[in-house]
Amino acid sequence: MKESLMDIICCPMDKHDLELEVDDRNDEEVLAGTLVCTECGERYPIEDGIPNLLPPDMRD
Amino acid sequence: MATKRALEGQLAVVAGFENPRAALEQYPTPPELAAHVVHVADLQGDVEGRTVVDLGAGTGMLALGAALRGPARVVGLELDPAALATARENQRRVGTTTPIHWVVGDAARAPLCPTEPTTVVMNPPFGAQKGREGADRAFLAAAASLADVSYSVHNAGSRDFVEAFAADNGGEVTHAFRAAFALDRQFDFHEADRKEIETEVFRIEWN
């Protein structure tokens with residue numbers, strides 16, 4: 001996930017801003033980490049460089 | 001501007017679903033259909049310099065087509081992570097330098113809040129499978145909330161529904177065109193090896 005994506009994504013539940021927590025990155029992308037809703041606190045994983053912003057009830 | 005045929009050629013390398021799931025109506029968008037939609041959008045000034053969002057991006061055909069026409073950035077939103085893994089491979093094959101973001105998410109509750117002028121392109125599920133009726137309605141609703149302009153592919157005969165939906169949601173259909181394509185057999189319930197699918201594509205301006 002490129003950090004410039006932060007400008008356009010929001011929490012699927014309440015549309016509030018997300019905060020990025022980085023666990024692993026390279027020069028271009030965040031490879032692993034978490035996106036946290038600044039309003040409801042819901043946590044969304046970034047795995048293999050792809051953020052999973054499915055609502056919690058739709059996650060596997 | 002490059003020709004539509006050149007765009008088709010560039011998209012010919014885009015791979016489809018490895019294990020298509022009928023329930024999600026995962027049929028691949030053919031390159032000629034994607035090239036057609038993107039070319040028309042580009043002629044209308046709806047691609048260059050803009051944010052383009054592909055809702056239900058699948059393996060990325062429309063997103064990558066748009067990426068080849070100079071948008072500021074492309075976002076491909078898709079429910080199925082396996083499809084997006086293929087989309088990322090396809091991005092390498094196509095070799096575009098446009099920033100493309102692949103996001104796992106549900107179009108009906110899209111995690112997107114763009115502030116820049118945004119064009120949605122989409123080939124949503126037609127709602128042909130049981131339990132998915134009206135699936136394209138949720139995609140249109142998402143376009144209404146995200147986009148200034150959207151291009152959507154529907155099955156033939158959708159015009160009345162699409163025009164009524166747009167009118168009820170602050171939109172107006174400005175262009176409509178037909179596009180036919182051949183779909184290879186990919187599910188057991190498909191009876192023929194190859195079938196002509198009639199589609200209609202709509203350009204909608206949203207207020």
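Predicted model: local features only at pLDDT ≥ 70, side-chain atom pairs only at ≥ 80, totals over all residues.
1. One of the residue pairings can be named: A:L18 has A:C37, in strand 2 of chain A, as its bridge partner.

2. Turning to the interface, chain A and chain B each bring 20 residues to the contact. The size of an interface is often expressed as the accessible area lost when the parts come together. Here, about 1800 Å² is buried between chain B and chain A, with 61% of it on carbon and sulfur atoms.

3. Which residues form the salt bridge between the chains? The side chains of B:R109 and A:D57 do, with an N to O distance of 3.0 Å. The count of salt bridges between chain B and chain A is one. Polar contacts between the two chains number eight residue pairs, both residues being at pLDDT 80 or more.

4. On the side of chain B that touches chain A, strand 2 (73–78), helix 4 (81–94) and strand 3 (100–104) of chain B each supply at least two residues. Strand 3 of chain B gives the largest share, five residues. By class, this side of chain B comprises 13 nonpolar, three polar and four charged residues.

How values were computed. Residues numbered from 1 in each chain as written. Chains lettered and ligands numbered in written order. Heavy atoms only, no water. Pairing = 2+ DSSP bridges. Helix = DSSP H or I, 4+ residues; strand = E, 2+ residues; numbered from the N terminus. Contact = heavy atoms within 4.5 Å. Buried area = accessible area lost by both parts, 1.4 Å probe. Salt bridge = Lys/Arg side-chain N within 4 Å of Asp/Glu carboxyl O. Polar contact = N/O pair within 3.5 Å; in protein donor to acceptor, adjacent residues only side chain to side chain. Nonpolar A, V, L, I, M, F, W, Y, C, P; charged D, E, K, R; others polar.
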